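The following explanation is intended to be read alongside the sequence and the coordinates. Please keep both in view while reading.

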Amino acid sequence: MTETCLLEPEHWVERHGDVLFRYALRRLGDAHQAENVVQEALLAALEGQGRFSGRSTERTWLVGILKHKVLDIFRRGRRAGEVEDIETAADQALDDAFDGRGHWVSGPARWSQPDKAMESRQFLQVLTLCLEGLTQVQAQAFTLREMDGLQTEEICKVLGVSTTHLGVLLHRARGRLRSCLEGRWFAGAEVG
Amino acid sequence: MLSCKDTTRLASDAMDRELPFWQRTQLRLHLMMCKHCARYVDQLQKLRVFAGDYDASVGDEEPQGGLDEEAKGRLERALKAKLESPPGNQEDPA
């Protein structure tokens with residue numbers, strides 16, 4: 001035991017509990033489920049202590065384990081056909097932005113001070129709210145792509161969808177989030 | 001000529017994979033001429049930045065949004081139970 005970086009499981013909850021919980025909550029959107037998966041990850045970490053090399057920090061190592069546990073939940077959540085049922089119908093809210101020939105009815109509004117948004121804690125809450133407004137599989141697709149930065153092939157495997165289908169999911173997730181943020185946060189911006 | 005509706009779909013695809021040359025050209029042409037779609041694409045890029053920052057913000061010290069005391073207690077107890085159980089116990093005898 002010559003490593004400078006030792007694991008101290010008795011301090012995990014106090015030192016990393018909040019971060020791990022928020023990580024899970026941002027991906028699962030459910031506090032109860034988030035707590036459960038954090039527990040699952042901590043127990044798995046305890047069992048796998050021997051695999052900790054000391055090259056990363058304790059926290060990074062724990063987040064890595066949690067990440068895999070969250071992906072497992074995404075995988076388990078998909079029953080064959082389920083995605084098809086939810087997503088083959090047209091998305092009325094998005095379609096309504098266009099007229100019969102596919103032109104914008106009024107077009108996206110100009111956002112005022114988008115660079116300042118992330119400095120605000122309320123904006124984080126609005127973002128959370130908007131993510132909750134997506135269907136579960138849309139939110140998962142968006143999370144895997146834009147938060148975890150996974151490539152499309154990997155996401156298709158996790159969610160059990162085709163490339164085309166993932167394209168639809170991401171397009172809808174982005175479109176809905178864009179208009180939700182516009183309505184709930186950037187609404188003060190002038191159009192034009 | 002692409003419609004605006006088709007353009008929004010293609011613009012989303014372009015964020016995830018490289019489009020074939022012809023689609024890429026059509027998209028670029030449309031965005032050069034259409035202020036609305038150009039703005040839409042710009043906002044999707046901002047959304048990507050927001051998502052990255054949102055995820056990174058798990059490490060920020062926040063007064064709320066973490067585990068409550070009860071949940072911490074539950075996690076502590078679960079860890080403690082496992083720490084104190086002898087290694088042999090992990091295999092279910094049943």
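The paragraphs below treat each chain in turn, then a helix pair, the cysteines and the contacts between the chains.

This is a predicted model, in which local features need pLDDT of at least 70 and side-chain atom pairs count only at pLDDT 80 or more, while totals for chains, interfaces and linings use all residues. Residues are numbered from 1 along each chain as its sequence is written, chains are lettered from A and ligands numbered from 1 in the order in which they are written, and side-chain values use heavy atoms, with hydrogens and water left out.

Chain A contains nine helices and zero strands; helices (H or I, at least four residues) and strands (E, at least two) are DSSP runs, numbered from the N terminus. Of its 192 residues, 50% count as buried, where buried means under 20% relative accessible area, exposed over 50%, and partly exposed in between (1.4 Å probe, protein chains only). The accessible surface of chain A is about 9,800 Å², and carbon and sulfur atoms hold 48% of that area; accessible areas come from the Shrake-Rupley method with a 1.4 Å probe, and for residues only the protein chains shown count as cover. Among contacts in chain A between residues at least 6 apart in sequence, 73% join residues at least 24 apart, a contact being heavy atoms within 4.5 Å.

Chain B has four helices and zero strands. Of the 94 residues in chain B, 38% are classed as buried.

Within chain A, helix α7 (residues 136–147) and helix α9 (residues 163–184) have axes that come within 9 Å and cross at roughly 90°. Axes are lines fitted to C-alpha atoms, for helices over the stretch in contact, and angles run from 0 to 180 degrees between N-to-C directions.

A search over all chains finds one disulfide, defined as a pair of cysteine sulfur atoms within 2.5 Å. Cys130(A) and Cys180(A) form a disulfide with their sulfur atoms 2.0 Å apart, and the link is left-handed, with -80° about the S-S bond. Cys130(A) lies in helix α6 (residues 121–132) of chain A and Cys180(A) in helix α9 of chain A, so the pair ties together parts that are 50 residues apart in sequence. Both Cys130(A) and Cys180(A) are buried. Cys37(B), by contrast, is in no disulfide, and the nearest cysteine sulfur, that of Cys34(B), is 3.7 Å away. Cys37(B) is buried because its relative accessible area is 1%.

Where do the two chains meet? The buried residues of α1(B) pack against α9 of chain A together with α2 (21–33) and α3 (35–56) of chain B; among these buried residues are Cys4(B), Leu10(B) and Ala11(B). Lys72(B), in helix α4 (residues 69–84) of chain B, counts as buried because its relative accessibility is 16%. Not counting residues up to four places away in sequence, Lys72(B) touches Val13(A), Asp18(A) and Leu67(B).
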